[in-house]
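These are my notebook entries on a protein structure. I record what I looked up, in the order in which I looked.

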Amino acid sequence: MIWNVISQIAGFIGALCLLLFGMNMLSNGIQKGAGSGLQKLLGKITGNRFYAVLTGIGVTAIIQSSGATTVMVVSFVNAEILTLEQAIGVIFGANIGTTVTAWIVSFFGFSFSIAAMAIPLFGLGYIIKYFKKFRIHNFAECFMGFALLFMGLGLLKESLELGPAATRLFTAINSWGIGGIFLGVLIGAIITALIHSSSAMTAIVLTMAANGSLSWELSAAIVLGSNIGSTVDAVMSSFGASVNARRTALVHVAFNVTGTVLALLIFKPFLQLIDFIVPLKPSENITTHIAMLHTVFNICATLLFIPFVNQIAIIARKVIKETSEEKDEHYHLPAILPHSRISADLYSYQIQTEITKMSAKVIEMFDSVCNSFVNPQKADEENDHVKYLENYIDEMNAAITEFLQKCSRLPNANHNDRQHFSSLLHVTDNLENLSDETCSLMHTVRKYVTDTEYKTDSKRSHEIMDYVESVRIFFEQTCVYFTIGSSAEERLSGEAIEQKIDRTKKELKKASRKRLESGADVKEELNYMDMVRKIERAGDCVYSILQCL
């Protein structure tokens, strides 16, 4: 007897793990096949709340994971790609999109032999894996994941053939009335939080209901509870994140909990509505009833709260206030730690935004150098500002480098992803080198312009300012290439600019030597040549960045 119980529990755990593994592989396969398209779609959401909801529905229905979508949304809010209001709409839609899994299981899981479909699907996925020439190999995991999902579901059906004692237990819980309903909600929330998948929890409920182990009322309560448990991914992703990311997680939790509470307040009428929509009685077609309940619940909750998106965002901002830590002068990487359930493209998309911000800080350093030539009296102030920026960029470089190293070790990162992360590492390193050169240049410029002999309208001043400006423009153009991409011709033009910077260095140093031979001030000319040399090295750093693109 005991061994039978242990065997049944072990079988259930194994079937559940296979089901979860299949869902995870399916999600990864779709994300790899879609590339950065899903992330770019999320990143282009406008202020239209209905478009945000539709985007959440579409992305979640495609990748079969509301948890993955939610982590993406929290990450994008953290990286300031999405606003809090936009994220709220996507979260509403993600709850609707996750109901697709229930319909798939309801339609396909109980109408024919699952194994008959799973094995050919797995074989097809394995074959596609080797068709790299046609760029369809990334979808291999999609087919293999579907196959494992169906295999896991089939094994789950066998392992959940409960004995008379377990059936009597569920019957007793159902007889407790409102207490049994609340217990069902609690069970659904806890198990979903533990397995990190409301879709898998729904599949378990559908299987047990189809076996006759769960009643219609208790099944409904567990499904409602799973909506609360599904928020665990958002909560975990918000740990250590920005204040807006934490607000997004709070909204997700509050939305799902409030929706569940409202459904429980009208529990009996709500079930009667589902009975009215679905033609057959629950005892005759319970899986369709459960799938319909899951869908109707999330649609009704979304329709109820979507007019109040702005008000919800205001409340979230009041509940979670910005702390002094978010306002301090040190850099905090606004990106969620790499998560194995999310496509590597999401992280490259986020980190490129941070590298763009890093580039803007370097341009700010160039501005301070140029301002010092025009306003020598502010040279000390500009020098202090450049030192602060250089330290800030050092912090950015350390955080971004560590993050990219973690991303490159993600299990779902393919060869192209790792090459891209390596390229971004080189870009970040060269940006930090450029900031060091600019800081060193600023130090020399301060000494040069505070000299009593310096004149802003002299020929030498115009030459050196033009030289700095040429490197600054070269860097700005490289930043544009980093954002929108560059062609072979544009990279060749960058090489020509770098060669022109080298020629200008030689010309300016030659002119300076002639002035020395004519009796010019030695200290002033040495500072001048030092500036020329450092500007040229800054140009080399910019060219190194261009070569990494």
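Which residues line the largest cavity? I worked on a predicted model, and I found the lining to consist of Ile355, Ser359, Val427, Leu431, Phe475, Thr478, Cys479, Phe482, Ile545 and Leu549.

Entry on the cavities. My search of the whole structure gave two cavities of 30 Å³ or more. The largest holds about 50 Å³ of space. I noted that helices H19 (344–374), H21 (415–449) and H22 (459–484) each supply at least two residues of its lining. H22 gives the largest share, four residues. Sorted by class, this lining has eight nonpolar, two polar and no charged residues.

I then turned to the second largest cavity, with a volume of about 40 Å³. Its lining comprises Ser66, Asn95, Thr98, Ser198, Ser226, Asn227, Ser230, Asn256 and His294. By class I counted no nonpolar, nine polar and no charged residues there.

Entry on Thr99. I located Thr99 in helix H6 (residues 99–108). Its relative accessible area is 3%, under the 20% cut-off, so I recorded Thr99 as buried. A polar atom of its side chain lies 2.6 Å from the backbone oxygen of Ile96. Leaving out residues up to four places away in sequence, Thr99 touches His294, Thr295 and Asn298.

Entry on helix H10. I checked the length of H10 (residues 178–195): at 1.5 Å a residue, its 18 residues should span 26 Å, and the end C-alpha atoms are 26 Å apart, which agrees. Its buried residues are Gly180, Ile181, Gly184, Val185, Gly188, Ala189, Thr192 and Ile195. An α-helix has 3.6 residues a turn, so residues three or four places apart point the same way. After H10 comes His196, with a positive phi near 60°.

Note on methods
Residues numbered from 1 in each chain as written. Predicted model: local features only at pLDDT ≥ 70, side-chain atom pairs only at ≥ 80, totals over all residues. Heavy atoms only, no water. Expected span 1.5 Å × (residues − 1). Buried < 20%, exposed > 50% of the residue type's maximum accessible area, 1.4 Å probe, protein only. Polar contact = N/O pair within 3.5 Å; in protein donor to acceptor, adjacent residues only side chain to side chain. Contact = heavy atoms within 4.5 Å. 1 Å grid on protein atoms, 1.4 Å probe; cavity = no way out; pocket = protein on both sides within 12 Å on 5 of 7 lines; lining within 4 Å. Points joined across faces, edges and corners; volume = space filled by probe spheres on them. Nonpolar A, V, L, I, M, F, W, Y, C, P; charged D, E, K, R; others polar.
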